[in-house]
Amino acid sequence: MKPFSYTRADSSGAAVGELSNNTHAKFICGGTNLLDLMKSGVEQPDRLIDINRLPLAEIEELPSGGVRIGAMARNSHTANHPLIRQRYPMLSQAFLSGATEQLRNMATVGGNLMQKTRCYYFYDTAMPCNKREPGTGCGALEGYNRTHAILGASEHCIATHPSDMCVALAALDAVVRVTGANGDRQIPITEFYRLPGDTPHIDTNLGKDELITGVDLPRSPFAARSYYLKIRDRASYAFALVSVAAALDIENNTIKAVRLALGGVAHKPWRATQAEEILVGSSPNEEVFTQAAEVALQGAQPRQYNAFKVELAKRAIVRALATVGEMS
Ligand SMILES: Cc1cc2nc3c(=O)[nH]c(=O)nc-3n(C[C@H](O)[C@H](O)[C@H](O)COP(=O)(O)OP(=O)(O)OC[C@H]3O[C@@H](n4cnc5c(N)ncnc54)[C@H](O)[C@@H]3O)c2cc1C
């Protein structure tokens, strides 16, 4: 591992100042992703800024009826918090489907938002990877691409975003709160992540010197009917091959509002807005769920080993919506 210096920030301003003054510095929080990347030589920061002691771990109700989750809130604490369990059950389920209890006890909301892809070629420094080293090529395009993207990919990168939490956040219209040298700003989760295009090394629209301070969840009508379905190779301790965050607001047997987001299929949590449009105004039944699933996967472009994901995603959408539709 490359030698690095270490400092502990005691305020958001100090953390941002440290980052602005050191081009190759990185924040470290739970360390569950960054340390693995450093040990394998994928990340090589020369300074670590420990942000664990920043007072940003609160989960609190907002006057609007929404909820604010601090960036330092641990994944297990957030998953089990009464406000999250009662108002945003699919977010709680998404957290609990990820990693293991020990990892969730360390992992933070800010770190989860910023975790890197699990593409094998990204982690293997002997292989070309445009995300790790721009301009070197993409080993996955013609390689073993079973876990890779079927939507929104480019000829430069077909990696997927690995987070479960972020799929639920995309469905819930969450807003990421950040602070930086130029002040505070808020970024809707749907604008936080980027598609790979010809700059796959830039995952997010977070500025180079910005710190995530929290996530706001708007008031939600979906508390009674939401579900996170994760399909993976093992029943636990595995990333999603495909996942679905689905929520329905049903009145008089008519869908008033719907949220549908997919994980494991694209470079970012994939919000299926066209499928949502089909569902609104319909009665909840398998026929319309199937139509929505077809629309959600319309633009899918599978590679040699991941074509199974197209059918898997369609079936997962129908199953997730049917499960939510049966809730009362
Ligand atoms: C074996 C294993 C299995 C896993 N399985 C799953 C899974 O099934 N589903 C899933 O979703 N995740 C899974 N994970 C990933 C895990 O959820 C992430 O590693 C974790 O959420 C990262 O949080 P952290 O606090 O440890 O981040 P760190 O490792 O400390 O940091 C990760 C990145 O985030 C940046 N960062 C951290 N906090 C901030 C902030 N506040 N502002 C700006 N940048 C910040 C860091 O600079 C770094 O680049 C798994 C991880 C492991 C090791």
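The centres of domain 1 and domain 2, taken over C-alpha atoms, lie 36 Å apart. This is a predicted model, in which local features need pLDDT of at least 70 and side-chain atom pairs count only at pLDDT 80 or more, while totals for chains, interfaces and linings use all residues. Residues are numbered from 1 along each chain as its sequence is written.

**Domains**
- Domain 1 covers 5-52 and domain 2 covers 226-325, with bounds from an automatic or database domain assignment.

**Around the ligand**
- The ligand is surrounded by 31 residues, of which Gly30, Gly98, Gly110, Gly111 and Met114 are the closest (near means a C-beta atom, placed from the backbone, within 6 Å).
- At least two shell residues come from each of β2 (25-28), α2 (34-39), α6 (101-106), α7 (109-114) and β8 (211-217) (DSSP runs numbered from the N terminus: helices H or I, at least four residues; strands E, at least two).
- Helix α7 gives the largest share of this shell, 4 residues.
- The shell divides into 16 nonpolar, 12 polar and 3 charged residues, with Gly counted as polar.

**Helix packing**
- Helix α12 (residues 286-296) packs on helix α13 (residues 308-325) at about 140 degrees, their axes being 9 Å apart (axes are fitted to C-alpha atoms over the stretch in contact, and angles run from 0 to 180 degrees between N-to-C directions).
- Among the residues making the contact are Phe289 and Ala293 of α12 and Ile317 and Leu321 of α13 (C-beta atoms, placed from the backbone, within 7 Å).
- This contact of α12 with α13 has 8 nonpolar, 1 polar and 3 charged residues.

Key
Two residues are in contact if their C-beta atoms, placed from the backbone, lie within 7 Å.
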